[in-house]
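I opened the file to look up a few things about the chain and one of its residues. My notes follow.

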Amino acid sequence: QVQLVESGGGLVQAGGSLRLSCSASGLTFAIYGMGWFRQALGTEREFVARISSSGGFTYYADSVKGRFTISRDNAKNTVYLQMNSLKPEDTAIYYCAARGAMTMKFDYWGQGTQVTVSS
């Protein structure tokens, strides 16, 4: 059974930083691309960042480029999202997801962690 468990969310002031973690189990982590998405109250879920299976390729939404960094540790089956210079508009539930090499779709999702940025 595949499980993705996010942690590291919380309340932070604008301009602050948080690091989210997503621990994966039940899958061969090193062959999956990983992504972070977020959903603010009353809005649709949106893409934040993704990273290739090896970690050699990353891609970001324009809204977070230069502030957020996605990384992974395949030995620990964990993907991270370092978030700096946080803004109130970054407030959302953040989800990690695993993208299968065959499907090229994000097949597995975590339950999310809340990030709240106060002004």
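**Surface and overall form**

I looked up the accessible surface of the protein chain, and it comes to about 6,400 Å², with 48% of that belonging to carbon and sulfur atoms. Accessible areas come from the Shrake-Rupley method with a 1.4 Å probe, and for residues only the protein chains shown count as cover. I note that this is a predicted model, where local features need pLDDT of at least 70, side-chain atom pairs count only at pLDDT 80 or more, and totals for chains, interfaces and linings use all residues. Residues are numbered from 1 along each chain as its sequence is written, and side-chain values use heavy atoms, without hydrogens and water.

I checked the burial next: 39% of the 119 residues count as buried (under 20% relative accessible area; exposed is over 50%, partly exposed in between, with a 1.4 Å probe and protein chains only). Along its principal axes the C-alpha trace spans about 40 × 25 × 25 Å.

I then looked up the secondary structure and found zero helices and 11 strands (strands are DSSP runs of E, at least two residues; helices are runs of H or I, at least four; both are numbered from the N terminus).

**Tyr 59**

I picked Tyr 59, which lies in strand β6, residues 58-60. Is Tyr 59 buried, exposed or partly exposed? Tyr 59 counts as partly exposed because its relative accessibility is 45%. Leaving aside neighbours within four places in sequence, I found Tyr 59 in contact (heavy atoms within 4.5 Å) with Phe 47, Val 48, Ala 49 and Arg 50. I also looked up Glu 89, 30 residues from Tyr 59 along the chain; their C-alpha atoms are separated by 20 Å.
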